[in-house]
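Please view the sequence and the model together while reading.

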Amino acid sequence: QVQLVESGGGLAQAGASLRLPCEASGGTLSSSAVGWFRQAPGQEREFVGSTDWRDVNTVYAASVKGRFTISREAAKNTVVLQMNSLKSEDTAVYYCAAGAPLGCSGSRCYAATEYRYWGQGTQVTVSS
């Protein structure tokens, strides 16, 4: 059973950066697609970005494209969401998720149903 733990959340000023690591235990992330989602109060969970198991096809929601970057640190069994130029509308709980081995690629990774394992989430609050 893969367990995912997000960290790095907190309070940031608009325009600042935050780095959210998602560390896995009980299994490897190296053969899985990994996605990031977020949920703001009173809103539905939304897709932020994902990378497929080969890191060939990394996709982002339009709202974060050009500001957020997903990278894999294989040696640490960790996937990182680097968030730059933060905006107040980025305020949400951020979740990482891992799919079944091989799993989705590209636009298929937008769907939460493609992921088997989820972290507990980390709060990001951006003040304007």
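Which residue in β8 is the bridge partner of E73? The bridge partner of E73 in β8 is T78. This is a predicted model, in which local features need pLDDT of at least 70 and side-chain atom pairs count only at pLDDT 80 or more, while totals for chains, interfaces and linings use all residues. Residues are numbered from 1 along each chain as its sequence is written, and side-chain values use heavy atoms, with hydrogens and water left out.

**Terms**

- Strands (E, at least two residues) are DSSP runs, numbered from the N terminus.
- Two strands count as paired if DSSP finds at least two bridges between them.

**The open sheet**

- An open sheet is formed by four strands in the order β1-β3-β8-β7, with antiparallel pairing.
- Because β1 (3-6) and β7 (68-73) stand at the edges, each with a single partner strand, one side of each is left without a neighbour in the sheet.
- On average, neighbouring strands of this sheet are turned by 20 degrees against each other, direction ignored; the axes are lines fitted to C-alpha atoms, and angles run from 0 to 180 degrees between N-to-C directions.
- Six bridges link β7 to strand β8 (residues 78-83) in the antiparallel sense.

**Strand β5 and its partners**

- Five of the six residues of strand β5 (residues 46-51) are buried, that is, under 20% relative accessible area with a 1.4 Å probe and protein chains only.
- Strand β4 (residues 32-39) runs antiparallel to β5 and is joined to it by five bridges; R38 stands opposite E46 in β5.
- The hairpin of β4 and β5 has six residues between the strands, and G42 in the turn has a positive phi of about 75 degrees.
- Strand β6 (residues 58-60) also pairs with β5, antiparallel and over three bridges, and T51 stands opposite T58 in β6.
- In the hairpin of β5 and β6, six residues lie between the strands, and D55 in the turn has a positive phi of about 60 degrees.

**Residue G119**

- G119 is found in the loop between β10 (115-118) and β11 (122-127).
- G119 counts as buried because its relative accessibility is 11%.
- Apart from neighbours within four places in sequence, G119 is in contact (heavy atoms within 4.5 Å) with L4, E6, Y95 and C96.
- A distance of 14 Å separates the C-alpha atoms of G119 and A92, which are 27 residues apart along the chain.

Note on methods
Buried < 20%, exposed > 50% of the residue type's maximum accessible area, 1.4 Å probe, protein only.
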